[in-house]
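Student: I would like to go through the strands and helices of this model. Could we begin with the terms?

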Amino acid sequence: MSYTNILSDTANGIATITINRPSKLNALNSATIHELHEAFKAADDDNDVKVIVITGSGEKAFVAGADISEFADFSEEEGGKLAAQGQALLFDFVANLSTPVIAAVNGFALGGGLELAMAAHFRVASDNAKMGLPEVSLGVIPGYGGTQRLPQLVGKGRAMELIMTAGMIDANKALECGLVNHVTTQEELIPLAEKIASKIMRNSPVAISAAISAINAGFETGVDGFKAEIKQFGNCFGTEDFKEGTQAFLNKRKADFPGK
Ligand code: COA
């Protein structure tokens with residue numbers, strides 16, 4: 001499939017999705033959100049894809065936010081719809097994908113950009129990255145999950161301060177507070193994401209999906225994460241991957257997971 005605002009490329013089990021509007025610092029307009037939905041769906045449906053990496057084109061920005069020019073004259077109703085549709089199509093969609101998603105944050109990740117990075121399963125960043133949720137400086141609040149995912153990742157007090165001040169933190173500060181897992185140079189960012197992806201790919205894709213689901217369950221209101229874990233744990237025993245993984249261990253050989 002061909003896209004206008006993004007690039008999607010699959011090699012060696014990794015689908016790399018690149019937001020490609022560098023002249024607008026990769027701001028997320030509606031067309032880009034729709035294309036991202038399609039690209040994430042296609043990658044998740046592709047049995048050859050074991051890990052998805054999401055990044056931004058150019059050296060300056062991952063994503064500098066939702067496209068302000070598109071919503072500046074929206075009504076209350078349109079504003080609510082913008083957030084609901086965006087969350088369903090992209091942010092919750094990514095967070096709940098069964099294929100692991102790594103955000104490679106290569107520059108500014110602001111507003112919807114940081115929200116997209118936070119919807120990914122985890123984040124790595126280059127040392128020039130700057131992150132923040134500056135929405136209150138525009139008279140609005142984060143609407144793509146930012147008020148929920150930022151406190152989950154960095155704690156309530158830090159999230160309150162970052163959101164209220166509309167400030168930005170650099171990559172090392174983000175590392176210190178757990179917003180990103182690793183920081184490296186710009187050149188090494190994608191190689192680092194690929195190195196982590198290759199470690200993930202050695203393991204059972206079915207078990208990884210089950211783990212994502214159980215971990216996410218603990219952050220859902222009204223869902224008992226421990227019960228979700230028990231269910232997912234039990235389900236694993238009925239999979240071919242479990243048979244292969246345990247047999248390979250007992251026979252002292254490397255597992256070759258069928259992914260079923
Ligand atoms: N929406 C729409 N366009 C955006 C954008 C956004 N969120 N972020 C950047 N752009 C556009 C700029 O309007 C500019 O377009 P132009 O060249 O046609 O005028 C282009 O991207 C380059 O941005 P510019 O502001 O000139 O770059 P800069 O280096 O001076 O500043 C930022 C970089 C990230 C600090 C600044 O672009 C910014 O504050 N962006 C908005 C961040 C934000 O509030 N995001 C939350 C949105 S809810």
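Predicted model: local features only at pLDDT ≥ 70, side-chain atom pairs only at ≥ 80, totals over all residues.

Student: Fine. Which helix lies across S2, and at about what angle to S2 does that helix run?

Tutor: Helix H1, residues 30–45, runs at about 175 degrees to S2 (14–19). H1 also lies across S1, S3 (51–56) and S5 (101–105).

Student: In what order do the six strands of the open sheet stand?

Tutor: The order is S1-S2-S3-S5-S7-S10, and the pairing is mixed. S1 (6–11) and S10 (182–184) each have a single partner strand, so one side of each lacks a neighbour in the sheet. On average, neighbouring strands are turned by 20 degrees against each other, direction ignored.

Student: How many bridges pair S7 with S10, and in which sense?

Tutor: Three bridges, in the parallel sense; S7 covers residues 122–126.

Student: Changing topic: what is the order in the open sheet of four strands?

Tutor: That order is S4-S6-S8-S9, again with mixed pairing. At its edges are S4 (61–63) and S9 (169–170), each pairing on one side only.

Student: And how does S4 run relative to S6?

Tutor: S4 and S6 (residues 108–110) run parallel, joined by two bridges. Ala61 is opposite Phe108 in S6.

Student: Which helix packs on that sheet?

Tutor: Helix H4, residues 112–119, touches S4, S6 and S8 (130–132). The direction of H4 makes about 90 degrees with that of S6.

Technical notes:
Residues numbered from 1 in each chain as written. Heavy atoms only, no water. Pairing = 2+ DSSP bridges. Axes fitted to C-alpha atoms, helices over the stretch in contact; angles between N-to-C directions. Contact = heavy atoms within 4.5 Å.
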